[in-house]
Amino acid sequence: MSAWRFWVTLFDRRETASSLACFRIAIGLVTIYSLLDVGLAGLVDVLWVDYHSGGYACLGTGNWLMTWLGGATPETVHVLYGAALGSAVLVTLGLVTRVSALVAGQTYLALVFVNGSATGGYDQLITNALWLLVLSGSSRTLSLDCLLRTGRLRSDELIPAWPRYLVIFQLVVMYTCTGLHKLSSAWLPLGGYSALYDVFQEPTWRRFDMRWTAHVYPLTQLATAVTWFFEVGAPVVLVWFYYRYTAERPGRARAWFARRDLRVPFVVVGLALHLGILVTLNVGPFSWVAMAYYLCLFRPAELTGAWAWTLRRGQRWRERHDERRIAHLTRVST
Amino acid sequence: MRERAWPHVRALLILFHVGMVVVMSLPTPDALLGGMGWESANVQAELARWVEGLQGVGVSTTPEALGQDVREAAESYRDVHAGLAAPFSAYSRGSGARQGWVMFAKPQRHPAELHIDLSDGTTWRPIYRPHSSAHDFWGERFRHHRMRKQLGRFARTFDVDTYDRLAEFLAREVARAHPDGRVVRVQLYRYATLRPDEVRAGAVPMGEYEQARRYSVARLLEEHAP
């Protein structure tokens, strides 16, 4: 099979929409959180309104949408904020989903990137995700669109799988590039893997006093090395997907990969990394949005299976709890 | 015909998207030049460590020469990057699928904390100190990750215009909250973070104040914000 034929066939695949629907809901919630977090802190005007209209920074006129609406004035910023928040709610609910995702993406983009000094990688992950949702059929299930169309919240209608592949690709590129950018000696043996300890010592990002990490310095060195290798090693996940897709072909490497599900260690290390960040550092919604991307690592059938397994476990737990309660009441009454 | 062509067109468009993600994720020359903060204590210390490492493998250079080499390489790379990015930049900007993943690339070992004090004419009292529950003016706002980002930038790539505007903005907020005060002082407290053995020995980082700005409370209250 020629490379081009392989490429065309890969993006011809179809699947049910569960994975992308879960991704859509998670991204919608993260977008709402990111916006509300600024609003509730009373920082909307401080961060996104130009100096000449009451903010602290000279922001210029912003992107095309901000310019078209009249620049970074309080009125424009409030309109964009309301539109971004409203459309993010619609994305979460899955109502007029592609249009909502487009509006959410463009308004969020106009708003947060007007002040480049107060943005982060999480903003890019959010706008990237919203664009991929514009391109996907994520509202074919678990959405109000689905309810209006079929009378049910869930549907097994098939949609193109390629937007999910692009989500995975974006996640891998994000990790790989952030790893490759870490050229500071602190991330390498040259600097004694001191990076995470250094991050914990300075006041910018830490949530609380982290001087205690000096007493567990070797652990911070280990965590630094694991983080760096996890990030620069992320493309191995793409290799695993490729080998799985071409499983019928021969080759020892392919056979080795076929025997292992590399997503499991990837997700375990990734979740540990992001939960560690959540606990110790305040980097906004970064961990939440990155973990939302993880949902697309799994095929719809896998996610549905995991959900069914969770429900069964919950049911069994409730039954056991009821049995224990009845036994207890019987003992008490006798 | 249309049904047969569409998979190829779609594959081509996806290829374009994938190309955009890869190309726009490459380090930008501006990040290596202006955005690097070459004069900052952090980068100077970083260069010194790299020189030490390179000398360990037999490469003889100095921090100045190494910094110059990297800057020259970034300048030569500028045209290459511009050529690669040109076909994709409009799509990346318009769609919102922006790239650029520099996160914790150079951990800051010479932080600059923002300190705010208020004078009643005779003595100064602290109004804001990072991570201090006792001096927590604007606490929730300063604790917000977007403000942290802005304040963290002053340690890396100090932009005097932004600093001056933010200092005045904050001084006005302090003046409104404490109209009985006389002078507001906004400044940066810069220090080197301590090594693990120093922290274990109970040492406290000692630094110096820089970029002090003073504002009269009366004048701030008289003036209208710009």
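This is a predicted model: local features need pLDDT of at least 70, side-chain atom pairs count only at pLDDT 80 or more; totals for chains, interfaces and linings use all residues.
The secondary structure of chain B consists of nine helices and four strands. Read from the N terminus, its elements follow the order α-α-α-α-β-β-α-α-α-β-α-β-α. The radius of gyration of chain B is 24 Å, whereas the globule rule gives 17 Å for 226 residues; chain B is therefore more spread out than a compact globule. The C-alpha trace of chain B spans about 85 × 55 × 30 Å along its principal axes. Among the 226 residues of chain B, 30% count as buried. Of the contacts in chain B with a separation of 6 or more, 64% are between residues 24 or more positions apart.

The four strands of chain B form an open, antiparallel sheet in the order β2-β1-β3-β4. The edges are taken by β2 (124–128) and β4 (207–216) of chain B; each has a single partner strand, so one side of each is left without a neighbour in the sheet. On average, and with direction ignored, neighbouring strands of this sheet are turned by 30° against each other. Within the sheet, β3 (residues 183–191) of chain B pairs with β4(B) in the antiparallel sense over eight bridges. B:Val184 stands opposite B:Tyr215, a residue of β4(B). Helix α7(B) lies across β1 (112–119), β2, β3 and β4 of chain B and runs at about 130° to β3(B).

The contact between the two chains takes 59 residues from chain B and 60 residues from chain A. On the side of chain B that touches chain A, the elements that give two or more residues are α1 (2–25), α3 (41–56), α5 (139–143), α6 (145–156), α7 (160–177) and α8 (196–200) of chain B. Helix α1(B) provides the largest share of this side, eleven residues. By class, the side of chain B that touches chain A has 27 nonpolar, 16 polar and 16 charged residues.

In chain A, helix α2 (residues 18–40) packs against helix α16 (residues 300–333) at an angle of about 70°, with their axes 7 Å apart. The helices α2(A) and α16(A) are therefore roughly perpendicular to each other. The residues making the contact are A:Ser18, A:Ser19 and A:Cys22 of α2(A), together with A:Pro300, A:Leu303 and A:Thr304 of α16(A). By class, this contact of α2(A) with α16(A) has three nonpolar, three polar and no charged residues.

Technical notes. Residues are numbered from 1 along each chain as its sequence is written. Chains are lettered from A and ligands numbered from 1 in the order in which they are written. Axes are lines fitted to C-alpha atoms, for helices over the stretch in contact, and angles run from 0 to 180 degrees between N-to-C directions. Angles under 35 degrees count as roughly parallel, over 145 as roughly antiparallel, 65 to 115 as roughly perpendicular and the rest as oblique. Two residues are in contact if their C-beta atoms, placed from the backbone, lie within 7 Å. Ala, Val, Leu, Ile, Met, Phe, Trp, Tyr, Cys and Pro count as nonpolar, Asp, Glu, Lys and Arg as charged, and the others, Gly among them, as polar. Two strands pair if DSSP finds at least two bridges between them. The radius of gyration is taken over C-alpha atoms; the globule rule is 2.2 Å times the number of residues to the power 0.38. A residue is buried if 20 or more other C-beta atoms lie within 10 Å of its own, exposed if 12 or fewer, and partly exposed in between; C-beta atoms are placed from the backbone.
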